[in-house]
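Colleague: I am new to this structure. Could you take me through the terms and how they apply here?

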Amino acid sequence: MANQTLETLHGVLYGNGLRIGTLSGSARTFAMLLGRRSDVIPFMGPQIHDHAMTVAGVPAYKYYFDAELLVDVQIAVERWYGFDTYTIIPDAYNFEVEALGAKMIYSDFAMPTVDRNQPLIQGPDDLARLRPLDPSKGRIPMGVEAARLISERASGPFAMGFFCSPFSFLIQASDYTTVIRALKKDKAFAQDLFDFAENQAIFPYLQAQAEAGVKQSAGADAWAAFPHLTPDLAQEWVIPSAERLAARAKKELGLTAMAGLAACDYCEENPEKFDKDLMYRCWDIGRQTFMIDVAVSAMGRTQDWTMQWLQDYAKEHGRFGRKLPVFASLNARFMRDSSPQTIVEKIREWIDVLGRDGRVLFFIGNVPADTPPINVHTAVHAVHTLGRYPIADDLSSVEIDPPDFKPFDDWLVHQPEAETIYEGREPGPRPKVFSA
Amino acid sequence: MHEERFSAISAAVTTGEEEDALHLVTAALEDGLPPLAILEEGLVKGILTAGELWDKNEYFLPDVVLAASAFKRAMPVLEASLKEAGTERHTETCVIGVVQGDMHDLGKNLVCDMLSSVGFDIIDLGINVPPETFVEAIEEHQPAILGLGCYMTTTMMRIGQLLQDLDRRGLRDQVKIMVGGVPTSQAFADEVGADAWGKDGMDAVRKARALIGG
């Protein structure tokens, strides 16, 4: 692994005008986040666990239970695509609830998933009955090992451990209607729910990660995205909860915990309902969940957004004459369903709006399992070509040739992850939980 | 006079006040108000108002889910009276379920509640439904619509296989098929040969009505 400190420093210096040397992907990303611009627009590694499993051809019953296999598959697939940073994450929403005893459904082809017919928490009595999370239970040891491996083998600003944020944990442990009813109509119970989530379920998992040497951990919170949760409810519940958890983790563990990631991510599906004021409020919430002040799009139907709104927001809320860094996310279904040419045209359009003044990073809001790999290769190639600084005055004149890439198996042969992946493809016994 | 009672029931549903909805419906029945009017002018109006507010960006998912929950809380007591009065509403049957390997049920439950509110007879197969259970349900219930939900990109791939299976068994043309769930799209619906894609609960109601010519 490269020296992260030097890469960060290189990126910061380059981004602020000292444009010497060849940037690594990680340094390129830091140049955009902490400076004005890098050499090309970076393409960050997206959440990709299902897709990586599919590309690598390993079965779910091994992949989601073996930290080494999970991490190596994602590192290999992300490197094959040429992303500038790694984002390595398993089914992060399941670990705590599984260890607390939730009934799970396991399958050969998909990640473990909570059996919603039998929620752990249906009311206050269940909350009183539940014991704190035991980090030796369920897949917590595997999660801790995966977090340790990610911190050790990956690089870049997003190489960190993972956990399920309190609000999403509560949906997993209970159900959406029960939790929402508590938030809106029974605040005492809602406070008890969050207290349990933060201190009895998630903190012990963070403690186990810290003891394994993990310094940073990210808490996904997709259930808190808009319109599942409104900006008002997120501000009232999710943000204070994230702050409490982060403060306790920092104070007692020395670990940086970012909870609430994806809170109020604007995921309205109907373009006719897109609302600039609501988007602004959602972006206000999202900014409170990141370590760095950023304007984020993630899982929403971004292909139909007016991207000028995001650019305007980033400019209006920037400081010292710089706009906020913008995360420009290509929608998962758009990436799966579109032709390579359509993807290129969307990227061309976005770079024209968002990229000319720098401070923009591309990624994909989760890569669906069966996304054609050529679509992802095309996206990375197009961003790195169209996004080379200085950006061409007339982007429509820049031709994008089809990406040049080897099939995954041909590429894999001499990669350090090859043996792990070959072994992972071999049939093996199902984990014991399959027959429990 | 009755209009005020119906309005109160409607408002209880729209604002997601479950116990209020139940008590108001129970009291209305005890006072002899016609069950069908309580349903149409009270409960259904309340849930449709929530849908309209959703469409106008004035309501969001928490509001709609609580409205549906209030509707569901009051409905059983009313259903018994509707049966007694011989005034059951029935348009068409919809069999619905989340495909095998997938346990996410929020969207499916919301669609069930919304379709039920506009008169569909819902056969809810639940979550993690094996293909053969869908087949058996089609054969047994002869539904107008089969609703298939999936919420993971891996389980999504099972829908195409299920539709091919229905085709092989000669069942595909007997039923209209709607798909929905986070990873789905119109392009996906077209790809697997579904008749409609519901982008959310309210859209599912519109599409379901359109499929049966309503």
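Modeller: A salt bridge is a side-chain nitrogen of Lys or Arg within 4 Å of a carboxyl oxygen of Asp or Glu. Keep in mind that this is a predicted model, where local features need pLDDT of at least 70, side-chain atom pairs count only at pLDDT 80 or more, and totals for chains, interfaces and linings use all residues. Residues are numbered from 1 along each chain as written, chains are lettered from A and ligands numbered from 1 in the order written, and side-chain values use heavy atoms, without hydrogens and water.

Colleague: What makes A:Arg287 and A:Asp284 a salt bridge?

Modeller: Their closest N and O atoms are 3.8 Å apart. The limit is 4 Å, so the pair counts. The two residues are 3 residues apart in helix 13 (residues 276-287) of chain A, so about one helical turn separates them. Helices here are DSSP runs of H or I with at least four residues, strands are runs of E with at least two, and both are numbered from the N terminus.

Colleague: Why is A:Asp284 called partly exposed?

Modeller: Its relative accessible area is 33%. Buried means under 20%, exposed over 50%, and partly exposed in between (1.4 Å probe, protein chains only). A:Asp284 therefore falls in the middle class.

Colleague: How many salt bridges are there over all chains?

Modeller: The count comes to 44. One of them joins A:Arg430 and A:Asp108, with the closest N and O atoms 2.8 Å apart. That pair links distant parts of the chain, 322 residues apart. A:Arg430 is in the segment after helix 19 (418-425) of chain A, and A:Asp108 is in the loop between strand 1 (104-105) and strand 2 (113-114). A:Arg430 has 39% relative accessibility, so it is partly exposed. A:Asp108, with 37%, is partly exposed too.

Colleague: Which residues are linked in a network of salt bridges?

Modeller: A:Glu68, A:Asp72, A:Glu145, A:Arg148, A:Glu152 and A:Arg153. Within it, the side chains of A:Glu152 and A:Arg148 meet at 2.8 Å, N to O. Both lie in helix 8 (residues 140-153) of chain A, 4 residues apart, about one turn of the helix. A:Glu152 is at 42% relative accessibility, so it counts as partly exposed. A:Arg148 is at 28% and is partly exposed as well.

Colleague: Is A:Thr378 buried or exposed, and how do you know?

Modeller: Buried, because its relative accessibility is 3%. A:Thr378 lies in helix 17 (residues 373-386) of chain A. Leaving out residues up to four places away in sequence, A:Thr378 touches A:Pro340, A:Val344 and A:Pro403. Touching, or contact, means heavy atoms within 4.5 Å.

Colleague: Why is helix 2 of chain A called largely enclosed by the rest of the structure?

Modeller: Because 9 of the 10 residues of helix 2 (residues 25-34) are buried. Among them are A:Arg28, A:Phe30 and A:Leu33. Its cover includes helix 1 (4-15), strand 7 (326-331), strand 8 (360-365) and helix 17 of chain A.

Colleague: What makes a nonpolar core, and how many residues has the largest?

Modeller: A core is a set of buried Ala, Val, Leu, Ile, Met, Phe, Trp, Tyr and Cys residues joined through side-chain atoms within 4.5 Å. The largest has 200 residues. Those with the most contacts inside it include A:Phe167, A:Phe408 and B:Leu43. Apart from it lies another core of 25 residues, among them B:Val95 and B:Leu166.

Colleague: What is the area buried between chain B and chain A?

Modeller: About 3200 Å², with carbon and sulfur atoms giving 63%. Buried area is the accessible area (1.4 Å probe) that two parts lose on being put together, summed over both. The contact takes 38 residues from chain B and 38 residues from chain A. There are 4 salt bridges between the chains. B:Glu17 and A:Lys185 meet in a salt bridge at 2.9 Å, N to O. Helix 4 of chain B gives the most to the side that touches chain A, with 6 residues.

Colleague: How confident is the predictor in chain B?

Modeller: Chain B averages a pLDDT of 92, and 98% of its residues score at least 70. pLDDT is the predictor's confidence in each residue, from 0 to 100. The complex gets an ipTM of 0.89 and a pTM of 0.92.
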